[in-house]
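Here is a friendly note to read alongside the model, written for someone meeting it for the first time. Please keep the viewer open as you go through the points.

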Amino acid sequence: MTTAISLNSGNTAWLIMATVLVLMMTIPGIALFYGGLVRRKNMLSVIMQSLSIVAVISIIWVVFGYSLAFGSGFDGNLFRYGIGGFDKVMLKGISLDTITTGGIPELLFVMFQCMFAVITPALILGAFAERVKFSGFLMFTILWSVFVYMPMAHWVWGGGFLMEMGAIDFAGGTVVHINAGVSALVMALLVGRRNDYRPGKPITPHNIPFVFIGTALLWLGWFGFNAGSGLAADGLAANAFLVTHIATCVAAVSWMTVDWIVNRKPTTVGACTGAVAGLVAITPAAGIPGAICIGLVASLVCFWMVAVVKPKFGYDDALDAFGVHGMGGMVGSVLTGVFATRAVTGADGVQGALYGDWHQLWVQTATTLISVVFSAVMTFVIFRITDAVCGIRVMRRVEEEGLDVYEHGEAAYDM
């Protein structure tokens, strides 16, 4: 990965800014978005989970996570297809002068990728909100990050078999959103419904302005998430910036429109959810045109999952982590194989089915299926281990009276 490249100050400055934007997506973006959707008695539990993920996973990432995802210690060994190795444990061999792709310091690349490792497990907590012990949550998150996120990051971005197969994941459609979304569904099924959850009768959010603020911060931060993933301040970043915004706008408007038709009123929560669905879907294709189509399809599919499929099957994906992130990621990943174009991927790059090359569509479909199966199986195993060691579900009384007081000894509001 490390090459004799001179420092590019422009790219470096941009990636520093992009890293800050991605961190903002988790704290306070996810914390406010998810926190506003839960009831006030559980607001602090969401904030605490978001904050602890940032702190704990960042430490793990620097100690050995980056090495497992982007190391090359197993080069020449079949084991390298699973993880990167231990050659960069504690950032061994990385100095102030180590420059990597795009002419940026590798230390900055470590930090940028750390933000992706942080936000991915944060997305999952929306599925089991309001009913999980903090200790169980923490153990599950650590195990999941090490045994699910880091191998997937290596497979797609770090030289693993999916990367060699030709999978395109510009900024995390498979590694982040499908990975987290499928795991969220498995967790929702295994943890079980909230005691007062009734299918088809959503529990009212306690603070919709927080949902809006969280959405706005996610929207803003996603520009760093997507436009920063090219590791350069160039035309590709500008294209990612543009298509991210357009796909999000289309998804927000289409969700609002369907909401208006079906439920007779355009809701703030619906428009915010649609915007997030658009952000998710454009992520794997952020360097690819077709933003309008991707935003539209993602919004319709995610609305169908949230408004029709979830009530029909009765699972309690509390904040629709699977319905939005899982399904949105799948839509974006597959449609990348349709809309990929050499105008963006380069003269020697790939192009999608829309331009007559169906191979990339099959690659994207296979990558999506592999991601779904791997995430589901590993999440099931990690849940069972965590539940056996420290337990995951809180007692009924704790759930009824709120996690804030029982788990953290605090209340978000002095009423």
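1. Let us begin with the second largest cavity, which is lined by Pro-121, Ile-124, Phe-128, Phe-137, Phe-140, Thr-141 and Trp-144. The elements that give two or more residues to this lining are H3 and helix H4 (134–157), and H4 supplies the largest share, four residues. Helices here are DSSP runs of H or I with at least four residues, strands are runs of E with at least two, and both are numbered from the N terminus. A cavity is found on a 1 Å grid over the protein atoms alone, as a set of points where a 1.4 Å probe fits but cannot get out, and lining residues have an atom within 4 Å of a point.

2. A word on the source: this is a predicted model, in which local features need pLDDT of at least 70 and side-chain atom pairs count only at pLDDT 80 or more, while totals for chains, interfaces and linings use all residues. Residues are numbered from 1 along each chain as its sequence is written, and side-chain values use heavy atoms, with hydrogens and water left out.

3. How big is the second largest cavity, and what classes of residue line it? Its volume is about 30 Å³, and its lining divides into six nonpolar residues, one polar and no charged. For the classes, Ala, Val, Leu, Ile, Met, Phe, Trp, Tyr, Cys and Pro count as nonpolar, Asp, Glu, Lys and Arg as charged, and the others, Gly among them, as polar. A volume is the space filled by probe spheres set on the grid points, which are joined across faces, edges and corners.

4. Among the residues that line the largest cavity are Met-25, Ile-119, His-177, Trp-222 and His-325. Helices H1 (9–37), H3 (106–124), H6 (173–191) and H7 (208–227) each supply at least two residues of this lining, with H7 giving the most, three residues. By class, the lining of the largest cavity has eight nonpolar, two polar and no charged residues.

5. Next, the charged pairs. Side chains of opposite charge can pair when their charged atoms come close. With a salt bridge taken as a side-chain nitrogen of Lys or Arg within 4 Å of a carboxyl oxygen of Asp or Glu, the count comes to 10.

6. Asp-196 pairs with Arg-39 in a salt bridge whose closest N and O atoms are 2.4 Å apart. Asp-196 lies in the loop between H6 and H7 and Arg-39 in the loop between H1 and helix H2 (43–70), so the pair ties together parts that are 157 residues apart in sequence. Asp-196 is partly exposed at 38% relative accessibility, whereas Arg-39 is buried at 17%. Here buried means under 20% relative accessible area, exposed over 50%, and partly exposed in between (1.4 Å probe, protein chains only).

7. Which residue forms a salt bridge with Arg-194? The partner is Glu-130, with the closest N and O atoms 2.6 Å apart. Arg-194 sits in the loop between H6 and H7 and Glu-130 in the loop between H3 and H4, so this pair ties together parts that are 64 residues apart in sequence. Arg-194 is buried at 6% relative accessibility, and Glu-130 is buried at 3%. Salt bridges that share partners join Arg-39, Glu-130, Arg-131, Arg-194, Asp-196 and Asp-316 into one network.

8. Please also look at the backbone. Most residues other than glycine have a negative phi, and most peptide bonds are trans. Glu-130 has a positive phi of about 80° although it is not a glycine. Leu-91, in the loop between H2 and S1, likewise has a positive phi, of about 60°, without being a glycine; Leu-91 is buried, with a relative accessible area of 16%. The peptide bond from Ile-27 to Pro-28 is cis, with omega near 15°, and Pro-28 lies in helix H1.

Conventions:
1 Å grid on protein atoms, 1.4 Å probe; cavity = no way out; pocket = protein on both sides within 12 Å on 5 of 7 lines; lining within 4 Å.
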